[in-house]
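Dear colleague,

I am passing on the structure we spoke about. Please look through it before reading my notes, which follow below.

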Amino acid sequence: MLIDAVTESYNKYFFGDVGREIYDFFWGDFADWYIEASKARIYHSGDDSVALVAQTVLLYVFEKILKLLHPFMPFVTEELWQALPNRREALIISSWPQTSLPRSTHLVKRFENLQALTRAVRNARAEYSVEPAKRITVSIVGSEEVIQYISEEKEVLALLSKLDLDNIHFADSPPEDAKQSVHLIASEGLEAYLPLADMVDISAKVQRLTKRLSKMQTEYEGLKACLNSPKFIEKAPKDVVRGVQEKAE
């Protein structure tokens, strides 16, 4: 898809589009997702053959990116190309990436669902201010087909979403503690439940809110004292008095 789009933009001399398309793919897809997801296979799979496949795919994609970038950055890409294993020719004389390659739409959709689920969990963690290092529990609900391929990527999901690998549960219906959980809809037919007990330290939350309430109460009392002072009302500019009234309200 990227190769086709970039090749077409080059042919039309749309060099700005070329740069944007490569940049978006390199950072938004390759670096943010593919490299990070591959770490589960390379470092945590415990299977050398699985790790080798992941490394091979990463190398294949990186080679194609260098070829697409070469007209823009000939010297830098050539240097990086020569640093890769088994280089037998210079990048400048290597063949252009093949276009119109077969595309497995159902596999793309599976990875998009995994991305959507990861984003949903990450957003929930941020919203509830969960500590970055804290591993949390999740119950994933979906059809049998969805559960099957998501469960196969359990290690990837745990790595990218900071989940407790031993407490990732799969089911076709909501868990018993659904009402005490944060409900996430990742995509059509794919949902997740994050127990609030894992997400929030209730006592710490109460302390923070109590402290905040006390601070707001003190501020309110100060504003109220100003508004009850005849001297303040008489001497302060009208816009200042109005601002204090609005803030107090």
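Please keep in mind that the model is predicted.

In the model, residues 201-247 are 89% helix and 0% strand. The end C-alpha atoms of that span lie 31 Å apart.

Domains

The domain assignment divides the chain into domain 1 (1-91), domain 2 (103-197) and domain 3 (200-246). Taken over C-alpha atoms, the centres of domain 2 and domain 3 are separated by 42 Å.

Leucine 2

Leucine 2 is part of helix H1, which covers residues 2-11. Is leucine 2 buried or exposed? Its relative accessibility is 17%, and buried means under 20%, so leucine 2 counts as buried. Apart from neighbours within four places in sequence, leucine 2 is in contact with Glu21, Ile22, Phe25 and Leu68. Glutamine 115 is 113 residues from leucine 2 in sequence, and their C-alpha atoms are 19 Å apart in space.

Phenylalanine 15 and a surface patch

Phenylalanine 15 belongs to helix H2, residues 15-43. Its relative accessibility is 43%, which lies between the 20% limit for buried and the 50% limit for exposed, so phenylalanine 15 counts as partly exposed. Phe15 is also one of the residues of a nonpolar surface patch of about 600 Å². Tyr13, Phe72, Met73, Val76 and Leu80 make up the patch together with Phe15.

Serine 161

Helix H7 runs over residues 154-161 and includes serine 161. With a relative accessibility of 1%, serine 161 counts as buried, because this value is under 20%. Which residues does serine 161 contact, leaving aside its neighbours within four places in sequence? They are Thr118, Val121 and Arg125.

Regards

Notes:
Residues are numbered from 1 along each chain as its sequence is written. This is a predicted model: local features need pLDDT of at least 70, side-chain atom pairs count only at pLDDT 80 or more; totals for chains, interfaces and linings use all residues. Side-chain values use heavy atoms; hydrogens and water are left out. Patches are made of residues with over 30% relative accessible area and no salt bridge: like charges are joined within 9 Å, nonpolar side chains (Val, Leu, Ile, Met, Phe, Trp, Tyr) within 5 Å. Accessible areas come from the Shrake-Rupley method with a 1.4 Å probe; for residues, only the protein chains shown count as cover. A salt bridge is a side-chain nitrogen of Lys or Arg within 4 Å of a carboxyl oxygen of Asp or Glu. Helices (H or I, at least four residues) and strands (E, at least two) are DSSP runs, numbered from the N terminus. Buried means under 20% relative accessible area, exposed over 50%, partly exposed in between (1.4 Å probe, protein chains only). Contact means heavy atoms within 4.5 Å. Domain bounds come from an automatic or database domain assignment.
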